[in-house]
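Visitor: Hi, could you walk me through this one? I'd like to go piece by piece.

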Amino acid sequence: MTTPQQAPLWNIANILTMVRIALVPVFIWFLLLDTAGTEEAFAAENGPWRWAAAGVFAAAMITDKIDGDLARARNLVTDFGKIADPIADKLLIGAGLVMLSLLGELHWWVTIVILVREISVTVLRMAVIRYGVMPASRGGKLKTVLQSAGLQLMLLPLVVIAPWLADIAFWIMDLAAVVTVVTGVDYLISALRMRAAALRSRGD
């Protein structure tokens, strides 16, 4: 009986994940450049660097879709990718949440709720890694889609495009916060079940 070949660590899917992580400081820097030296909030929200930041965020989120598809299609799924991929998402989305809150464009309670959940789930993953790797669930993926969609809308110069998009962005972010909390509880239950199953297996 042949053993399935282990996917190499440095494959295209994992490299794209690392690229996404590398884009986080670039994204933050563009937002800072957009606000540096401006005297009016309108100018800060609609300068060329704001467009650049929105573009970098969109490109980074596209790599998330591409690396996942590549990993599954080419059998490049690795334990490193299962851990690094959600961490890359959390770094990018976390940076967007904090920066928008610092700019006064997003309520801090939304940022705090989402960040506390994301950090808690990451710590939980590390705590139960001895029992197995917890991949992203469907609810977790929905959470990421809502967060990224809401942030993308908020990053775009909404005053220039269409003011009503701002209301949609806020509603999406509120919904994302709710889904974030619900999926966080689901991850906790899954971690407890994984631990219990591993302990039962060791007992047998």
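**A chat about the chain**

Guide: Ile12 counts as partly exposed because its relative accessibility is 38%; buried means under 20% relative accessible area, exposed over 50%, and partly exposed in between, with a 1.4 Å probe and protein chains only. This is a predicted model, where local features need pLDDT of at least 70, side-chain atom pairs count only at pLDDT 80 or more, and totals for chains, interfaces and linings use all residues. Residues are numbered from 1 along each chain as its sequence is written, and side-chain values use heavy atoms, with hydrogens and water left out.

Visitor: Where does Ile12 lie?

Guide: Ile12 is in helix α1. Helices (H or I, at least four residues) and strands (E, at least two) are DSSP runs, numbered from the N terminus.

Visitor: How many helices and strands are there in the chain?

Guide: Eight helices and zero strands.

Visitor: OK, inside now. Which residues have the most contacts inside the largest nonpolar core?

Guide: Phe27 and Met173, in a core of 32 residues. Such a core is a set of buried Ala, Val, Leu, Ile, Met, Phe, Trp, Tyr and Cys residues joined through side-chain atoms within 4.5 Å.

Visitor: And which helix gives the most to this core?

Guide: α8, with seven residues. A second, separate core of seven residues includes Val121, Leu124, Tyr131 and Tyr187.

Visitor: What is Phe27 in contact with?

Guide: Leaving aside neighbours within four places in sequence, Phe27 is in contact (heavy atoms within 4.5 Å) with Ala53, Val56, Phe57, Leu92, Ala95, Gly96 and Leu155.

Visitor: New topic: is Leu142 buried or partly exposed?

Guide: Leu142, in helix α6, is partly exposed, with a relative accessible area of 45%. Leu142 and Ala176 are 34 residues apart in sequence and 8.5 Å apart in space, C-alpha to C-alpha.
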